[in-house]
Amino acid sequence: CGWSPLAAGLMMVPQALGSIIAKWAINRVLVHFGYRRLLLGNTLIVAALLAMFALLGPTTPVWAIGLLAFFYGAFASMQYTAMNTLIYTDLDIKHASMAASMASTAQYLAMSFGIALATLLMQAMLDGHAHEQYVVAFRWTVLILAAITAGAWRAWAQDMTAVAPARASRNAAGSRRSARRGAAGNPTAAHFPASRTTGTTRSPRRAKARPSAAPERPDAPMM
């Protein structure tokens, strides 16, 4: 394309902007779609956007490259944020620090492996050192990476299908344990029913019947 190093570096700005904007919208998107639908659908979108980089060429307008980089950064950021928050959903607070360290290490290892894989694919697809050959190698590389990303969609689907029943079982067991602890801390809850309106347990004193009102005094005799 004949770009200077500064112009090539500035093409990363749209991707960074998309990533920042996605951080603001991730909460509403998660509430609306949930983790399962967001991760499954977003994985396919990221794979499609990654494959669209193979359509770029020397005659592609700059605004089209920037727009594609913006959307790729936004959807990739939503994927990373959703996966990072999903780590802590079923985790006790006392293990949060250890989980954060392990998640950060695993994420950076995955990024390093991805860069290494892309480099190896680029080198394997490169037949020479002409400009056209670099373009062809780049296109095949992003297509293979897009296929790998799309293959992760099936892994996500199988994993979430297996995790959902186990998570529901753990939540039910946790609810039963909480109910038992509550009953042990409040012995009257096991013997006195809860109020229908407030849900609170009535105490023994309040459960007793109130004494009836005193009888009215008879009228004084008329003189």
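A residue counts as partly exposed when its relative accessible area falls between the buried limit of under 20% and the exposed limit of over 50%. Phe-70, at 25% relative accessibility, is therefore partly exposed. The model is predicted, and the values below are computed from it.

The protein is helical in its assigned secondary structure, with six helices and zero strands. From the N terminus on, the order of elements is α-α-α-α-α-α. The protein has 223 residues, and 22% of them are buried. Its accessible surface comes to about 16,500 Å². Carbon and sulfur atoms account for 66% of that surface. Contacts were also sorted by sequence separation. Of those between residues at least 6 apart in sequence, 66% join residues at least 24 apart.

Two packed helices are described by the angle between their axes and the distance between the axes. Helix H2 spans residues 13-52, and helix H3 spans residues 62-86. Their axes come within 5 Å. The crossing angle is roughly 140°. H2 and H3 are therefore oblique to each other, because an angle has to be over 145 degrees to count as roughly antiparallel. By class, the contact of H2 with H3 has 27 nonpolar residues, 11 polar residues and one charged residue.

Phe-75 is located in helix H3. At 22% relative accessibility, Phe-75 counts as partly exposed, since buried requires a value under 20%. Leaving out residues up to four places away in sequence, Phe-75 touches Asn-42, Ile-45, Val-46 and Leu-49. Phe-75 and Ala-22 are 53 residues apart in sequence. In space, their C-alpha atoms are 7.2 Å apart.

The structure holds two aromatic pairs. Phe-53 and Tyr-72 form an edge-to-face pair, with 5.7 Å from centre to centre and 90° between the planes. This pair links distant parts of the chain. Phe-53 lies in the loop between H2 and H3, whereas Tyr-72 lies in helix H3, and the two are 19 residues apart. Phe-53 has 14% relative accessibility and so counts as buried, the cut-off being under 20%. Phe-70 and Phe-71 also form a pair, with ring centres 5.5 Å apart. Their planes stand at 80°, so this pair is edge-to-face, as the angle is over 60 degrees. Phe-71 has 37% relative accessibility and therefore counts as partly exposed. Phe-70 is likewise partly exposed, at 25%.

Trp-3 lies in the segment before helix H1, which covers residues 5-10. Its relative accessible area is 37%, so Trp-3 is partly exposed. Neighbours within four places in sequence were left aside in listing its contacts. On that basis, Trp-3 is in contact with Ala-8, Met-11, Val-62 and Ile-65.

Thr-119 is placed in helix H4, which runs over residues 96-125. With a relative accessible area of 48%, Thr-119 is partly exposed, because exposed requires over 50%. Thr-119 and Phe-138 are separated by 19 residues in sequence. The distance between their C-alpha atoms is 9.9 Å.

Key. Residues are numbered from 1 along each chain as its sequence is written. This is a predicted model: local features need pLDDT of at least 70, side-chain atom pairs count only at pLDDT 80 or more; totals for chains, interfaces and linings use all residues. Side-chain values use heavy atoms; hydrogens and water are left out. Helices (H or I, at least four residues) and strands (E, at least two) are DSSP runs, numbered from the N terminus. Buried means under 20% relative accessible area, exposed over 50%, partly exposed in between (1.4 Å probe, protein chains only). Contact means heavy atoms within 4.5 Å. Accessible areas come from the Shrake-Rupley method with a 1.4 Å probe; for residues, only the protein chains shown count as cover. Axes are lines fitted to C-alpha atoms, for helices over the stretch in contact, and angles run from 0 to 180 degrees between N-to-C directions. Angles under 35 degrees count as roughly parallel, over 145 as roughly antiparallel, 65 to 115 as roughly perpendicular and the rest as oblique. Ala, Val, Leu, Ile, Met, Phe, Trp, Tyr, Cys and Pro count as nonpolar, Asp, Glu, Lys and Arg as charged, and the others, Gly among them, as polar. Rings of Phe, Tyr and Trp (its six-membered ring) pair if their centres lie within 6.5 Å; planes under 30 degrees apart count as stacked, over 60 as edge-to-face and the rest as tilted.
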